[in-house]
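Biologist: Could you walk me through reading an interface? I'd like the general idea, then the case at hand.

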Protein chains: 2
Amino acid sequence: MTMRDLSKPTTTKEAKPPRGRPRAFDREAALGAATRLFWAKGYEATSIADLTQAMGIGSPSLYAAFGSKEALYAEALDYYRANYQSLFWDKFQRAPTAREAVRTLLVGSAGALSGCSAGTPSGCMIALSSVGSEGHRELGAKVYEARTAGLHALKARLQAAVADGEVPASVDIDALARFVAAVQGGMSIMARDGANQAELESVADVAMTGWDARIAGSRT
Amino acid sequence: MTMRDLSKPTTTKEAKPPRGRPRAFDREAALGAATRLFWAKGYEATSIADLTQAMGIGSPSLYAAFGSKEALYAEALDYYRANYQSLFWDKFQRAPTAREAVRTLLVGSAGALSGCSAGTPSGCMIALSSVGSEGHRELGAKVYEARTAGLHALKARLQAAVADGEVPASVDIDALARFVAAVQGGMSIMARDGANQAELESVADVAMTGWDARIAGSRT
DNA sequence: GACTTTATATATTAGTCGATCCATAAATCG
DNA sequence: CGATTTATGGATCGACTAATATATAAAGTC
């Protein structure tokens, strides 16, 4: 007669616990710990021993839950995008104008990348990942896709702005999008070197000056 | 009686060959090969076996000549700066104006980072190095110094431009220098993802628009 | 020539890597 | 209850890691 009795009867899964011994750790929390470790140290430099210690589990549990180090890294990339990168990309998507979208993206990046959120490494895990150069082709392709997704989002927003009349059609959309992506990537490198939020925001500020000049200049 | 007899008598070193068996390989060439391998794969992912194969020597010769993997990487950083990075930083130093210095730096970076020079990896070895995050503190400090050296050169050139009257004193020197450094760093990330020279040059072009607007805007 | 010094090639070191085996524990099913 | 299924902890696997020991080779010095 409680709400609990009716809360999930229509969902096909999760009604019954699985057959065998239940997992003794929180899979999501362990994945989060692994993500932050990969984020801070990179793929190659992070060992299974490092991971099991940070996750608080034994290696057999790690392999049972995630399959392999590569599979764990792939899941960590998804976890990062969903739980950290989305913070400022969501604002980008919701902004009313392309200019405000880019501005909030760069300013939000300045805050997030400088490591203000306690317990998170500095810089973007995806921008700074070099797993593709280290000989892991599949993971490299996944990181590459994640990186280009940002560039495509910028291009799409700019094209929409051209359609809306916010941005003149004479603007080089690709160049402007790549410029914003490059500034954001550079901010990650500087963040890893210890740049603080104010310093990164000043970069974003200059970049917005460039944005405005580029759009104003194309009207001639 | 030949020129050779007189060419180096005043130099205290290199006159005589060293005492024992002479080295059978070209140390500089081997260092160059090691540099390009570290450059392409990063420190952690490059093994001694990879290095000895690329350098064409055995591991005892490597350790006799360079000391350790870390010492070899440190020398590779110096080799990179002297033989690759100097190509576009020299132009920066020789440019008559700060604007031309920055422009030639970014355009030169676009060419060099996109891997046009045959046989060199894409992107900047120093900008993309994550050796400091991988737990190697000394090497990380060396990479950090190399990265900040570029930023300091930019600041110094801007200050000189202010003294010359090229740039108004109201300009935020630090922000502008960091902006240029960030753009250059972002270009390295894009280069590693396969961006070609024209794409990187378009980024440099937008960045220069930002530079001009920033300086013009500060006059108000 | 004998002696010293340095470099190379082969083989090997102790340690760490990612990944598993095994025995035991903890749950559901019948 | 026994049977089945899954998870865990400890031990361990072969492969690879950075770094060396040993023996031989090639140079200068005397």
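Biologist: How many residue pairs are in polar contact across the interface of chain A and chain B?

Modeller: Ground rules: this is a predicted model, where local features need pLDDT of at least 70, side-chain atom pairs count only at pLDDT 80 or more, and totals for chains, interfaces and linings use all residues. Residues are numbered from 1 along each chain as its sequence is written, chains are lettered from A and ligands numbered from 1 in the order written, and side-chain values use heavy atoms, without hydrogens and water. A polar contact is a pair of N or O atoms within 3.5 Å; within protein, one must be able to donate a hydrogen and the other to accept it, and residues adjacent in sequence count only if both atoms are side-chain atoms. Here the rule finds 8 residue pairs between chain A and chain B, both residues at pLDDT 80 or more.

Biologist: Which element gives the most to chain A's side?

Modeller: Helices are DSSP runs (H or I, at least four residues), numbered from the N terminus. Helix 8 of chain A leads with 13 residues.

Biologist: And how many salt bridges are there between chain A and chain B?

Modeller: Look for a side-chain nitrogen of Lys or Arg within 4 Å of a carboxyl oxygen of Asp or Glu. The two chains share 6, including A:Asp193 with B:Arg147, whose closest N and O atoms are 2.7 Å apart.

Biologist: Which atoms touch the phosphate oxygens of DNA strand C?

Modeller: Among them, a polar side-chain atom of A:Tyr63 sits 2.8 Å from one, while B:Ala24 uses a backbone N or O atom at 2.7 Å. B:Ser61 places a polar side-chain atom 2.9 Å from a phosphate oxygen.

Terms used
Helix = DSSP H or I, 4+ residues; strand = E, 2+ residues; numbered from the N terminus.
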